[in-house]
Amino acid sequence: MIRRNFVKSLSCAAIFMKKTTPRQASGVQSGDTTLVVLETVAFAEDELGVTQIAGRLGLTKSAIYRHLQGLVDRGYLVQNPVTSRYLLGPKAYLIGHLAPAVGDVARAGDGPMREVRDRFGLSTVLTTPLNSGALVVKTVSGTTSIAIGARVGSELTLHGSAQGQVMLAFGNRTLVDRTFAGELPALTRYSLTDPAALKERIAKVRADGYAVAPEESIIGINGLAAPVFNMRGDLAAVVAIVSSIQYLPAEPAQDMIDAVLAMARSISTLLGYGYSETGSMRRAR
């Protein structure tokens, strides 16, 4: 029997995560487009050509080409002379290494995330907070016949995902203010679009220490997420199990909840949480 291991990329679906597109405001459109072009190449699984990039962003090839040339000239992208396609350049590499925080979190998450994946066979996903959503920085794919996951570089909505709801419960107050100042779009019929309902959910997540968001982003998909803290006690990331409702029900078993909480604590400990910067223990929240 041939075993299929299908990792479903949730990034292409606006119903689960925010699609990155250039803003329409004329004052910032050019700069935003350049950044979106860079992100599109950075998070692609392979080199991309002008036609592919233009198609993904819904822009003309001539418009995309101007931004690509600017990025190449400044060393953020390079063009393969054989295929004429684009990939990340040396300056992008250097800037990435000057921002070690995400790399530290991803490295700390590797062991605990694999342990939980191996125990339950379900995908584990690590996200970090942005003002606009939850950025996927690491995924350990599940071992079930159909493994649901999220592509690295994808962005989840704050109100419509378990990860985002944990960020609203434990993260910076700015995240809450921004979320409630904007729309709460219905991603599915189960999405929390009422501000009062979302506030109630945030309070519950804060009290429970974890979040579930059954079918609130995609029908048939659920997430079980818990917060990861750094040495200062700030929210550094959110770690989660993501799977179909068949394997991860709306009310998860207690052993699965305990495992996700333990996974989050393990990563937090590796980041120095529970210790002051002088090395002495301090009380966990």
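**Confidence in the model**

In this predicted model, confidence is lowest in strand β1 (residues 6-8), with a mean of 35, and highest in strand β8 (residues 211-212), at 98. Across the protein, the mean pLDDT is 84, and 84% of the residues reach 70 or more.

- Over residues 1-27, pLDDT stays under 50, and the model has 58 contacts beyond four places in sequence for this stretch.
- Where pLDDT is low, the predicted coordinates should not be read in detail.

- Is strand β10 enclosed or open to the outside? Of its 10 residues, 10 are buried, so β10 is largely enclosed by the rest of the structure.
- Strand β10 covers residues 235-244, and S243 lies within it.
- How many bridges join β9 to β10? There are 9 bridges, and the two strands run antiparallel.
- Strand β4 (residues 123-129) is joined to β10 by 5 bridges, and this pair also runs antiparallel.
- Residue I241 of β10 has T124 standing opposite, and L224 likewise stands opposite I241.
- The hairpin of β9 and β10 has 5 residues between the strands, and within this hairpin G233 takes a positive phi near 85 degrees.

**Residue S243**

- Is S243 buried or exposed? The relative accessible area of S243 is 2%, and buried means under 20%, so S243 counts as buried.
- Apart from neighbours within four places in sequence, the contacts of S243 are L122, I148, G220, I221, N222 and L248.

**The nonpolar cores**

- The largest nonpolar core holds 31 residues, and V166, M167, L168 and F170 are those that touch the most other members.
- Which elements give two or more residues to this core? They are β5 (134-140), α6 (162-170), α7 (173-181), α8 (195-208), β9 (221-229) and β10.
- Helix α6 contributes the most to this core, with 6 residues.
- Beyond its neighbours within four places in sequence, M167 is in contact with T127, T128, P129, G133, A134, L158, L175, L235 and V238.
- There is also a second, separate core of 29 residues, and among its members are A108, A237, A259 and I267.

**Helix α8**

- The buried residues of α8 are L198, R201, I202 and V205.
- Viewed down the axis of α8, these buried residues fall within an arc of 100 degrees, so they line one face of the helix.
- On the face of α8 turned away from the buried side are the exposed residues A196, K199, E200, K204 and A207.
- The cover over the buried residues of α8 includes α6, α7 and β8.
- After α8 comes G209, which has a positive phi near 90 degrees.

Definitions and conventions:
Residues are numbered from 1 along each chain as its sequence is written. This is a predicted model: local features need pLDDT of at least 70, side-chain atom pairs count only at pLDDT 80 or more; totals for chains, interfaces and linings use all residues. Side-chain values use heavy atoms; hydrogens and water are left out. Helices (H or I, at least four residues) and strands (E, at least two) are DSSP runs, numbered from the N terminus. Buried means under 20% relative accessible area, exposed over 50%, partly exposed in between (1.4 Å probe, protein chains only). Contact means heavy atoms within 4.5 Å. A nonpolar core is a set of buried Ala, Val, Leu, Ile, Met, Phe, Trp, Tyr and Cys residues joined through side-chain atoms within 4.5 Å. pLDDT is the predictor's confidence in each residue, from 0 to 100. Two strands pair if DSSP finds at least two bridges between them. The arc is that of the directions from the helix axis to the C-beta atoms.
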